Amino acid sequence: MHVVIASARNALRNVTRALFAGLTLAASSATVQASERLYIFTEHYPPYNASVSGEGFAHNEDQITGICTDMVKAMLARVDYDVQMKMRAWSYAYDWVQGRENHGLFCTARTDQREQLFQWVGPLASIEWTLFAAPDSDITLSTLDDAKDLRIAGYRGDVMSQYLVDQGFNVIMNTSGDVNPRRLALGQADLWVTDGLVGPLVAEDEHGITGLKPVLVFRETPMYLAISLETSPGIVEDLQKALDSARSEGELDAIVARYE
């Protein structure tokens, strides 16, 4: 009888050990999966990024479209990561991503000031830094310095707006760029700094304003997916390889063609 009891105890002990090992492995697997979950943010910035609803926010990738968005989706389709994509106000998303593991933000202009703040995947599309005037404006500019005495509408966190601030220009900052066409129409600003494609689209879609005058294009910058410094370089390398693959297969050119 003692032998039988001892044998049963040993069997029970082995089962317990196996069960504990299985739970430990499952917990380890869950940790690995959690570490490979990516949180990708963007802003409402058509035609590069836009919510399907037209609102300035979205909660998943099915609700977000646009040139850069489709490029990022083409890249993500080539990697095996669990991705959560959200649209938020730019200034919020820009601050939120920094310091958090496995977080990224697109489309982000890659500048000298931002170079050491992120890891970079790209390039994606490029933006043209453009100064727009109201449809009935008679403003003409030969150089950027010609705008030194003018009021320029911009928004917080925007690379173009911040550049002008740093150069000593009079920039009226808002939380979002969507209101700036209205500022031009009401005479609250003389110029609006934004991308050459974005300006006319936002003016017409948000305010019914057509005929904005692009008075000066003063710079062009490639845009990227900016990845937090806390994210594994291996993930960044995987994403870059996936984007390069999408480009070499002609998918990125096809995306651009759909929006022309």
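Analyst: Strand E5 (103-109) and helix H4 (159-166) each contribute at least two residues to the lining of the largest cavity; helices (H or I, at least four residues) and strands (E, at least two) are DSSP runs, numbered from the N terminus. The model is predicted, so that local features need pLDDT of at least 70 and side-chain atom pairs count only at pLDDT 80 or more, while totals for chains, interfaces and linings use all residues. Residues are numbered from 1 along each chain as its sequence is written, and side-chain values use heavy atoms, with hydrogens and water left out.

The search of the whole structure finds 2 cavities of 30 Å³ or more. A cavity is a set of points, on a 1 Å grid over the protein atoms alone, where a 1.4 Å probe fits but cannot get out; lining residues have an atom within 4 Å of a point. Grid points are joined across faces, edges and corners, and a volume is the space filled by probe spheres set on the points.

The largest cavity holds about 100 Å³ of space. Its lining comprises 14 residues, and Glu43, Trp90, Cys107, Asp158 and Val159 lie nearest the centre. E5 gives the most to this lining, with 3 residues. By class, the lining has 9 nonpolar, 2 polar and 3 charged residues (Ala, Val, Leu, Ile, Met, Phe, Trp, Tyr, Cys and Pro count as nonpolar, Asp, Glu, Lys and Arg as charged, and the others, Gly among them, as polar).

The second largest cavity holds about 40 Å³. Leu38, Ile40, Asn102, His103, Gly104, Ile227, Thr231, Ile235 and Leu239 line this cavity. Strand E1 (37-42), E5 and helix H7 (233-248) are the elements that give two or more residues to its lining, which divides into 5 nonpolar, 4 polar and no charged residues.

Key: On a 1 Å grid over the protein atoms alone, a cavity is a set of points where a 1.4 Å probe fits but cannot get out, and a pocket is an open set with protein on both sides within 12 Å along at least five of seven lines; lining residues have an atom within 4 Å of a point.
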